[in-house]
Amino acid sequence: MSQISSPIANGERTSIHDMLKDTPPNENKTNTLPSSSSNSNLPRSAPTSLSTGSNPPSVLNSPISNDDSTLFRNNSSRIENLKNWSISTYKCTKQIMFEKLGKSSRTVDAELENRIEQLKDTQKKYINILRLTRILTNHFYHVVQTQHALGEAFSDLAQKSPELQEEFLYNCETQRNLTKNGETLLGALNFFISSVNTLCNKTIEDTLQSIRQYEASRIEYDAYRTDLESLSTKPDGTIGLEEAQQNYEVHRQQFMKLRAEVTIKLKFLDENRIKVMHKQLLLFHNAISAYFSGNQQALEATLKQFNIKVKTPNSTFPSWLEQ
């Protein structure tokens, strides 16, 4: 039976400290706590806690309160505007209803009201003239196109029928002359339509827009006037009497200003309307008379008199060299 030899038996006296020295270091350690010596290498100027002194960081000084106050003022302004608009709309609606029911009086300028009614009636009549002239021009355009096609047909038959060539050429020349004169008359009619359309739908309409603003201002003025009169008759009406007086004065001044503007616009509109219609009616009469009397020279002279350039429907666009 063999004997197990021990290191002591072999004469090698080894202590526990010697065994620990020979043990290889463990390389699988992951969570290593820093020693006190490693902490000593950190910079001493680095702060280890949030400062609690009298000067806090600049991040804490953002102007959030200023933005909140601005937003609050904007919202207050919008609410105030909505409130004023609601009150004004209520008063105007009430004034309109009371006027229709005969329970409230309205401010009337008899002379100005008559001129406004005459202007509205004049616009309706001018628009009717404009509509009829457009119908006439449309029909006459088709007549001219038919005359042009008829002249081309006569010309083609003149080449293919030698026995009637002279007669076909006569009719062809007549239709071509009618076509030329018809295109000249169409130019005059289109100029007349364009001028009357500008007068009705732009010049007069601009004045009517000012009249609508004047009428709206009149309703507001009467509404606040009625409100002031009702407060003046009440025993305890002195509570809002000063505010009502101020509102009445503001709307009265606005009403007077718009009434003066409408009066001036109506005056200048009458002068412009007479001048424009005098020119256009003269053009219409001379062009129609010259065409249907067969006076080609008078028709061309009429267009030269009013500086009208005729664009024939069958003409082609000029080339870039001609332009």
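Visitor: What pattern does the protein chain follow, read along the sequence?

Guide: Read along the sequence, the protein chain of this predicted model follows the pattern α-α-α-α-α-α-α, and its secondary structure comes to seven helices and zero strands.

Visitor: How many of the residues count as buried, as a percentage?

Guide: Of the 323 residues of the protein chain, 25% count as buried. The accessible surface of the chain comes to about 24300 Å², and 55% of that surface belongs to carbon and sulfur atoms.

Visitor: And what share of the contacts with a separation of 6 or more comes from residues 24 or more positions apart?

Guide: Residues 24 or more positions apart account for 80% of the contacts in the protein chain with a separation of 6 or more.

Visitor: Let's go to the largest nonpolar core. Which residues touch the most other members?

Guide: The largest nonpolar core has 25 residues, and those that touch the most other members are Leu119, Ile204, Ile211, Tyr214 and Leu266. The elements that give two or more residues to this core are α4 (110-160), α5 (165-233) and α6 (241-292), with the largest share, 12 residues, coming from α5.

Visitor: What does isoleucine 204 touch, then?

Guide: Setting aside residues up to four places away in sequence, isoleucine 204 touches Leu119, Gln123, Tyr126, Leu199 and Leu269. There is also a second, separate core of 14 residues, which includes Leu283, Tyr291, Leu303 and Phe306.

Visitor: Switching to pockets: what volume does the largest one have, and which residues are closest to its centre?

Guide: The largest pocket has a volume of about 250 Å³. It is lined by 13 residues, of which Ile87, Lys91, Tyr224, Glu243 and Asn247 are the closest to its centre.

Visitor: Which elements give two or more residues to that lining?

Guide: Two or more lining residues come from each of α3 (64-101), α5 and α6, and α3 gives the most, with six residues. By residue class, the lining divides into three nonpolar, five polar and five charged residues.

Visitor: Tyr224 is in that list, so where is its place, and is it buried or exposed?

Guide: The place of tyrosine 224 is in helix α5, and tyrosine 224 counts as buried because its relative accessibility is 7%. Leaving aside its neighbours within four places in sequence, tyrosine 224 is in contact with Ser88, Lys91, Asn247, Tyr248 and His251. Tyrosine 224 and glutamine 246, which are 22 residues apart in sequence, are 9.7 Å apart in space, C-alpha to C-alpha.

Visitor: Back to α4 for a moment. Is glutamine 147 buried or exposed, and what is it in contact with?

Guide: Glutamine 147, which lies in helix α4, counts as buried because its relative accessibility is 14%. Apart from neighbours within four places in sequence, glutamine 147 is in contact with Gln175, Leu178, Thr179 and Tyr291, and Tyr291 is one of the residues in the second core.

Visitor: And serine 155, buried or exposed?

Guide: Serine 155 also lies in helix α4, and at 15% relative accessibility serine 155 counts as buried. Beyond its neighbours within four places in sequence, serine 155 is in contact with Cys172 and Arg176. Serine 155 and glutamine 165 are 10 residues apart in sequence and 8.7 Å apart in space, C-alpha to C-alpha.

Visitor: What about isoleucine 127: which class of accessibility does it count as?

Guide: Isoleucine 127 lies in helix α4 and counts as partly exposed, because its relative accessibility is 36%. Isoleucine 127 and valine 196 are 69 residues apart in sequence, yet 8.3 Å apart in space, C-alpha to C-alpha.

Visitor: Last one: what is the phi of asparagine 307?

Guide: Asparagine 307 has a positive phi of about 55° although it is not a glycine. Most residues other than glycine have a negative phi. The place of asparagine 307 is in the segment after α7 (296-305), and asparagine 307 is exposed, with a relative accessible area of 68%.

Note on methods. Residues are numbered from 1 along each chain as its sequence is written. This is a predicted model: local features need pLDDT of at least 70, side-chain atom pairs count only at pLDDT 80 or more; totals for chains, interfaces and linings use all residues. Side-chain values use heavy atoms; hydrogens and water are left out. A nonpolar core is a set of buried Ala, Val, Leu, Ile, Met, Phe, Trp, Tyr and Cys residues joined through side-chain atoms within 4.5 Å. Buried means under 20% relative accessible area, exposed over 50%, partly exposed in between (1.4 Å probe, protein chains only). Helices (H or I, at least four residues) and strands (E, at least two) are DSSP runs, numbered from the N terminus. Contact means heavy atoms within 4.5 Å. On a 1 Å grid over the protein atoms alone, a cavity is a set of points where a 1.4 Å probe fits but cannot get out, and a pocket is an open set with protein on both sides within 12 Å along at least five of seven lines; lining residues have an atom within 4 Å of a point. Grid points are joined across faces, edges and corners, and a volume is the space filled by probe spheres set on the points. Ala, Val, Leu, Ile, Met, Phe, Trp, Tyr, Cys and Pro count as nonpolar, Asp, Glu, Lys and Arg as charged, and the others, Gly among them, as polar. Accessible areas come from the Shrake-Rupley method with a 1.4 Å probe; for residues, only the protein chains shown count as cover.
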